[in-house]
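Dear colleague,

Please find below the structure that I am handing over to you.

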Amino acid sequence: MNSLLKRQIRKKLSDDLKNNPEIQEFLAAIDGSYNTYEEQFTMLQRAMSISSQELFDANIQLTEEAKRQRLVIERLNDAIKALRSIDNKKDKEVATNIEDLTGIELATLIEEQAAKISDFEKQRAKMLKDLEKSNEELTSYAQVVSHDLKSPLRNVNALISWIKEDADELSGTVLSHFGHIEQNIEKMDSMIGGILEYSLIDKKDKIVNEVNLNVLIYQTIESLHAPDFIEFSIDNKLPTIRKDPHRIKQLFQNLISNAIKGMDKEEGYIYIGSKEEETYWEFYIKDNGKGIPDKYHEKIFKIFQSIDSTEESTGIGLSIVKKIIDYYEGKIWLESVVGKGTTFFFTIKK
């Protein structure tokens, strides 16, 4: 029992009662009850303390969960806006009230948009399949047309040869005309071959081999039979790259051939070099020829576009170059001064 309480009770008792055993028993019973109450009160305080901590911890967890839920809602709202930007429908009423949607309404909206995206994907897959079929048909068509066009050209060329052999007294003018006809036949034959080659650049199988450009450039120069007054120089050791040898040979052959055709100096120079970058190789082919006016710098890469009016020019070579470089995810550009020369730069992804 609390000592103060016990003292107050004893003050009210007479001396006889203070020593009375029954009173002592009574006080002991009160003391026991008081102790039991204190224990229960202490236990209650402890229970309340534990409950308060649990409530505090639960409140923190709920606060964190609320934050996560808000973040999810924000991201869902961003997703919905992005999905609606894909969908061209202008549903302003719904678009401006996304934040007011309940979880179920938001989920329904996402389901609707997902269904639309699924439809778009099916349509895209069908379009790709149709495009692939069209490309195959165009490739077959190009092959058939090139064969059909070359056949009459060969026949005309053969007829001219027979006429020249059978006619002993043809005048110089007639023979000159026949010569022009033969040149045009050769040009058309080259154009047809170029068209077929252009159409097949990105259709051929992707072949990857080691290509030593030092060897390839040497072989290419030898095959082009350049005039003796043109001197070639490889400025540095060229790299070995892993690409399709045929496409790479086409690329360099057309650019070097273009430099040869554009040479108008008594002493011609063609320089070839390279520079390594982190993700690609950069090459250049420089000449001291007649140069290319600025207005043609973009035009010359388009098919059948040429600034050279000679009968040998088909207007396909540089378009093939551009298509090969696009195939290898590179780019091509040029710097030129009319009368002084041209430098073609191009990159090829490693």
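Thr343 is buried, since its relative accessible area is 10% and the cut-off for that class is under 20%. The residue belongs to strand E7. Leaving aside residues up to four places away in sequence, Thr343 touches Tyr284, Ile285, Lys286, Trp333, Leu334 and Glu335. Please bear in mind throughout that this is a predicted model.

The sheet

Strand E7 is part of an open sheet of 5 strands, arranged in the order E2-E4-E5-E7-E6 with mixed pairing. The edges are taken by E2 and strand E6 (332-337); each has a single partner strand, so one side of each is left without a neighbour in the sheet. On average, and with direction ignored, neighbouring strands of this sheet are turned by 15 degrees against each other.

Strand E2 (residues 230-234) runs parallel to strand E4 (residues 268-276), and 5 bridges join them. Within this pairing, Ile234 is placed opposite Ile272 of E4. E4 in turn pairs with strand E5 (residues 280-287) in the antiparallel sense, over 7 bridges. Here Ile270 stands opposite Asp287 of E5. E4 and E5 together make a hairpin, with 3 residues between them. Leu334 has Phe344 in E7 as its bridge partner.

Which strands does H8 lie across? The helix lies across E2, E4, E5, E6 and E7, and runs at about 170 degrees to E7.

A packed pair of helices is described by the angle between the axes and the distance between them. For helix H8 (residues 245-261) and helix H9 (residues 317-327), the axes come within 9 Å and cross at roughly 140 degrees. This crossing of H8 and H9 is left-handed. On the H8 side, the contact involves Arg247, Gln250, Leu251, Asn254, Leu255 and Asn258; these meet Gly317, Leu318, Ile320, Val321, Ile324, Ile325 and Tyr327 in H9. Sorted by class, the contact of H8 with H9 has 8 nonpolar, 4 polar and 1 charged residues.

Aromatic pairs

The count of aromatic pairs comes to 8. One of them is formed by Phe283 and Phe346, which are stacked at 5.3 Å centre to centre, with 25 degrees between the planes. This pair links distant parts of the chain: Phe283 lies in strand E5 and Phe346 in strand E7 (residues 341-349), 63 residues apart. Both Phe283 and Phe346 are buried. Tyr327 and Tyr328 form an edge-to-face pair, at 5.1 Å centre to centre and with 80 degrees between the planes. Ring pairs also link Phe252, Phe283 and Phe346 into a cluster.

Are Tyr327 and Tyr328 buried or partly exposed? Tyr327 is partly exposed, because its relative accessible area is 23% and the class of buried residues is limited to values under 20%. Tyr328, at 7% relative accessibility, therefore counts as buried.

Backbone points to check

Most residues other than glycine have a negative phi. Two residues with a positive value are set out here.

- His225 is not a glycine, yet its phi is near 50 degrees. The residue sits in the loop between helix H7 (213-224) and E2. His225 is exposed, because its relative accessible area is 67% and the class begins over 50%.
- Glu329, also not a glycine, has a positive phi of about 55 degrees. Its place is in the loop between H9 and E6. Glu329 is likewise exposed, with a relative accessible area of 59%.

With kind regards

Terms used:
Residues numbered from 1 in each chain as written. Predicted model: local features only at pLDDT ≥ 70, side-chain atom pairs only at ≥ 80, totals over all residues. Heavy atoms only, no water. Pairing = 2+ DSSP bridges. Helix = DSSP H or I, 4+ residues; strand = E, 2+ residues; numbered from the N terminus. Axes fitted to C-alpha atoms, helices over the stretch in contact; angles between N-to-C directions. Left-handed = near helix turned anticlockwise from the far one by under 90°. Contact = heavy atoms within 4.5 Å. Nonpolar A, V, L, I, M, F, W, Y, C, P; charged D, E, K, R; others polar. Phe/Tyr/Trp six-rings, centres within 6.5 Å; stacked < 30°, edge-to-face > 60°. Buried < 20%, exposed > 50% of the residue type's maximum accessible area, 1.4 Å probe, protein only.
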